Amino acid sequence: MSAPSRMYQRIAPDVKLGKNVRIYDFTNLYGCEIGDDVKVGTFVEIQKGSKIGNRCKVSSHTFICEGVILEDDVFVGHNVTFINDRYPRATNGSGQLQVESDWNCVGTLIKRGASIGSGTVLLCGITVGQNAMIGAGSVVTKDVPPDTTVAGNPAKVVKKNQMKATSC
């Protein structure tokens, strides 16, 4: 007999879940908001104060820290890491372990329809533009313009994306 799936998930009571959210095993969600029709893969952590829009896909082994906002239709590949502290330290000026009041959370905004390739690291304080694409393994240190593909370490513009025309 197999154990119930919820046994392998940690979803805190303060998480706001939309409709038709699929959450796979070995996840840790607390204090976040997740929109409708979202898929959250295995081994994902989404921290307090993060917001995931509608129809997003967050692939396995991804870390979404406090202060990250994903607008609707965002794809996040496997093993993507967001960072929310420009100057991380273990201790404060007095030599004590830092507490929440000792640091400043710096947010990150991922605009509608953006795609983030597997293994990407995104530094805090940036905006990834609408429909932008980030190549796998990139390190994103500054804003990514809309409709642009970036790749590398640090990520640099590779090309402007051609948007397909839609018919009525």
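In which loop is the place of N84?

Analyst: This is a predicted model, in which local features need pLDDT of at least 70 and side-chain atom pairs count only at pLDDT 80 or more, while totals for chains, interfaces and linings use all residues. Residues are numbered from 1 along each chain as its sequence is written, and side-chain values use heavy atoms, with hydrogens and water left out.

N84 is placed in the loop between strand 13 (81–82) and strand 14 (108–110). Strands (E, at least two residues) are DSSP runs, numbered from the N terminus. N84 is buried, at a relative accessible area of 11%; buried means under 20%, exposed over 50%, and partly exposed in between, with a 1.4 Å probe and protein chains only. The side chain of N84 reaches the backbone oxygen of E66 at 3.0 Å. This is a polar contact, that is, a pair of N or O atoms within 3.5 Å; within protein, one must be able to donate a hydrogen and the other to accept it, and residues adjacent in sequence count only if both atoms are side-chain atoms. Leaving aside neighbours within four places in sequence, the residues in contact with N84 are Q47, C65, E66, W103, N104, C105, V106 and C124, where contact means heavy atoms within 4.5 Å.

The loop that holds N84 also holds E100. E100 forms a salt bridge with K48, and their closest N and O atoms are 2.7 Å apart. A salt bridge is a side-chain nitrogen of Lys or Arg within 4 Å of a carboxyl oxygen of Asp or Glu. Because K48 lies in the loop between strand 7 (45–46) and strand 8 (51–52), the pair ties together parts that are 52 residues apart in sequence. Both residues are partly exposed, E100 with a relative accessible area of 49% and K48 with 29%.

In total, the structure holds 6 salt bridges. Another of them joins E71 and K111, whose closest N and O atoms are 3.5 Å apart. This pair links distant parts of the chain, with E71 in the loop between strand 11 (68–70) and strand 12, K111 in the loop between strand 14 and strand 15, and 40 residues separating them. E71 is partly exposed at 25%, as is K111 at 27%. R112 forms a salt bridge with D73 at 3.1 Å between the closest N and O atoms. R112 lies in the loop between strand 14 and strand 15 and D73 in the loop between strand 11 and strand 12, so this pair ties together parts 39 residues apart in sequence. R112 has a relative accessible area of 37% and D73 one of 28%. R55, D72, D73 and R112 are linked in a network of salt bridges.

Strand 12 (residues 75–76) and strand 15 (residues 115–116) run parallel and are joined by 2 bridges; V76 has I116 as its bridge partner in strand 15. Two strands pair if DSSP finds at least two bridges between them. The open sheet has 8 strands in the order 3-6-9-12-15-18-20-21, with mixed pairing. Its edge strands, strand 3 (22–23) and strand 21 (155–160), each pair on one side only.

Note on methods: Helix = DSSP H or I, 4+ residues; strand = E, 2+ residues; numbered from the N terminus.
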